[in-house]
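I opened my notebook for a first look at this structure. Come along as I jot down what I looked up.

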Amino acid sequence: MQFSSVQDVNAPLDFVFSQLSDFESYESYAMRVGAEVKRTDELTQKGVGMSWNIQGDFRGKHRNFEIELTEFRPDNLLKFMVAASGIEANVTMEAMALTRKQSRIKATTVLKPKSISARLILQSAKLAKNSMNRKFNHRFWTYANYIENNYNAARG
């Protein structure tokens with residue numbers, strides 16, 4: 001099952017990518033919503049191999065997520081592999097410049113079952129795919145607006 005969204009942002013590419021790759025803000029957000037976040041690599045710079053273990057309540061159950069940055073191209077591309085409860089997700093975030101002051105970001109998530117129970121969960125989720133796709137698009141639109149607002153606030 002795949003979800004994707006494309007959003008245009010009124011901000012330059014370097015600012016947009018710095019926001020997309022601000023891993024510390026993702027960590028602090030997860031902790032603010034009650035998750036326990038543990039960095040599992042020892043890298044000192046952003047790059048392939050960064051990894052996290054995140055535990056917390058999600059959709060009414062305690063869950064454990066393993067996340068690894070599998071591809072990192074500065075100013076352009078982030079790819080993550082996420083494993084949780086028998087489901088593997090490949091998450092891609094791409095950024096491209098449209099003009100000097102406008103960028104486009106694309107997020108794609110591909111879910112793959114790794115167990116029989118996960119296969120059943122994804123089969124039933126396919127029935128609600130349109131609704132889930134709308135939610136995915138709305139959340140990514142909200143995130144794109146957040147980036148744009150941060151850029152406007154930084155400019156003063």
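**Entry 1: Thr 40**

I began with Thr 40, which came out as partly exposed, with a relative accessible area of 40%. A reminder to myself: this is a predicted model. I found Thr 40 in the loop between strand S2 (36–39) and strand S3 (51–58). Leaving aside neighbours within four places in sequence, I listed Ser 51, Trp 52 and Asn 53 as the contacts of Thr 40. I also checked Thr 40 against Val 110: they are 70 residues apart in sequence and 23 Å apart in space, C-alpha to C-alpha.

**Entry 2: helix H1 and helix H4**

Next I turned to the helices. How do the axes of H1 and H4 cross? I noted that the axes of helix H1 (residues 13–20) and helix H4 (residues 129–155) come within 10 Å and cross at roughly 120 degrees. That angle makes H1 oblique to H4. The crossing of H1 past H4 is right-handed.

I then wrote down who makes the contact. On the H1 side I have Phe 15, Val 16, Gln 19 and Leu 20, and on the H4 side Tyr 143, Tyr 146, Ile 147, Asn 150, Tyr 151 and Ala 154. Sorted by class, this contact has eight nonpolar residues, two polar ones and no charged ones.

Is H1 mostly covered or mostly open? I found it mostly covered, with six of its eight residues buried. The buried residues I recorded in H1 are Leu 13, Phe 15, Val 16, Phe 17, Gln 19 and Leu 20.

**Entry 3: the nonpolar core**

A general thought before this entry: in soluble globular proteins, nonpolar side chains tend to be buried together. Here I looked up the largest nonpolar core and found 38 residues in it. Those with the most contacts inside the core are Val 16, Leu 20, Trp 52, Leu 78, Phe 80, Ile 105 and Ile 147.

Not counting residues up to four places away in sequence, Leu 20 touches Tyr 26, Leu 78, Met 93, Ala 95, Ile 105, Tyr 143 and Ile 147.

From there I moved to Ala 95, which sits in strand S6. Ala 95 is buried, with a relative accessible area of 3%. Beyond neighbours within four places in sequence, I saw Ala 95 in contact with Leu 13, Val 16, Phe 17, Leu 20, Asp 75, Asn 76, Arg 104 and Ile 105.

Most residues other than glycine have a negative phi. Which phi did I find at Asp 75? Asp 75 has a positive phi of about 70 degrees, although it is not a glycine. I placed Asp 75 in the loop between strand S4 (61–73) and strand S5 (77–84). Asp 75 is partly exposed, at a relative accessible area of 39%.

Ser 85 is not a glycine either, and I wrote down a positive phi of about 45 degrees for it. Ser 85 lies in the loop between S5 and strand S6 (87–97). Its relative accessible area is 47%, so I marked Ser 85 as partly exposed.

**Entry 4: Thr 108**

My last stop was Thr 108, in strand S7 (residues 103–113). Is Thr 108 buried or exposed? I have Thr 108 down as buried, because its relative accessible area of 14% is under 20%. Leaving out residues up to four places away in sequence, Thr 108 touches Gln 2, Phe 3, Ser 4, Asn 90, Val 91 and Thr 92.

Methods: Residues numbered from 1 in each chain as written. Predicted model: local features only at pLDDT ≥ 70, side-chain atom pairs only at ≥ 80, totals over all residues. Heavy atoms only, no water. Axes fitted to C-alpha atoms, helices over the stretch in contact; angles between N-to-C directions. Helix = DSSP H or I, 4+ residues; strand = E, 2+ residues; numbered from the N terminus. Parallel < 35°, antiparallel > 145°, perpendicular 65-115°, else oblique. Left-handed = near helix turned anticlockwise from the far one by under 90°. Contact = heavy atoms within 4.5 Å. Nonpolar A, V, L, I, M, F, W, Y, C, P; charged D, E, K, R; others polar. Core = buried A, V, L, I, M, F, W, Y, C linked by side-chain atoms within 4.5 Å. Buried < 20%, exposed > 50% of the residue type's maximum accessible area, 1.4 Å probe, protein only.
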